[in-house]
Amino acid sequence: EKLEASGRPQVLTVEGAPKVVVMGVAAFERMAELAERAETVAKIRQGLEDVKAGRTTPAADVFEELRRKFNIPRGA
């Protein structure tokens, strides 16, 4: 009840030292959602930095490499 009421994780200790964090499902799901969003934003930023720095490959070059690698005819 305390976990659900506060919406905050609780730290459990053993001999005064923190050992385990316990949280309600809603708090865990929110934390997981925020972590996923932060990872997505970081990847987008990295992609934008790559474009700015010229660390890209034209799509036509990528498709040609895939055609050669997987022996795909040009008209396919």
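The legends below describe close-up views of a predicted model.

Local features require pLDDT of at least 70 and side-chain atom pairs count only at pLDDT 80 or more, whereas totals for chains, interfaces and linings use all residues. Residues are numbered from 1 along each chain as its sequence is written, and side-chain values use heavy atoms, with hydrogens and water left out.

View 1. A salt bridge is a side-chain nitrogen of Lys or Arg within 4 Å of a carboxyl oxygen of Asp or Glu. Side chains of opposite charge can pair when their charged atoms come close.

**View 2. Aspartate 50 contacts glutamine 46 and arginine 55.** Glutamine 46 belongs to helix α2, which covers residues 25-52. Its side chain makes a polar contact of 2.8 Å with that of aspartate 50. A polar contact is a pair of N or O atoms within 3.5 Å; within protein, one must be able to donate a hydrogen and the other to accept it, and residues adjacent in sequence count only if both atoms are side-chain atoms. Aspartate 50 also forms a salt bridge with arginine 55, with 2.8 Å between the closest N and O atoms. Glutamine 46 has a relative accessibility of 38% and therefore counts as partly exposed; aspartate 50, at 21%, is partly exposed as well.

**View 3. Glu64, Arg67, Arg68 and Arg74 are linked in a network of salt bridges.** Arginine 68 is exposed, since its relative accessible area is 62%. The structure as a whole holds 6 salt bridges.

**View 4. Val62, Phe63, Leu66, Phe70 and Ile72 form a nonpolar surface patch.** Together these residues have about 460 Å² of accessible area, computed by the Shrake-Rupley method with a 1.4 Å probe, and only the protein chains shown count as cover. Patches are made of residues with over 30% relative accessible area and no salt bridge; like charges are joined within 9 Å, and nonpolar side chains (Val, Leu, Ile, Met, Phe, Trp, Tyr) within 5 Å. Phenylalanine 63 lies in helix α3, residues 59-69.

Definitions and conventions. Helices (H or I, at least four residues) and strands (E, at least two) are DSSP runs, numbered from the N terminus. Buried means under 20% relative accessible area, exposed over 50%, partly exposed in between (1.4 Å probe, protein chains only).
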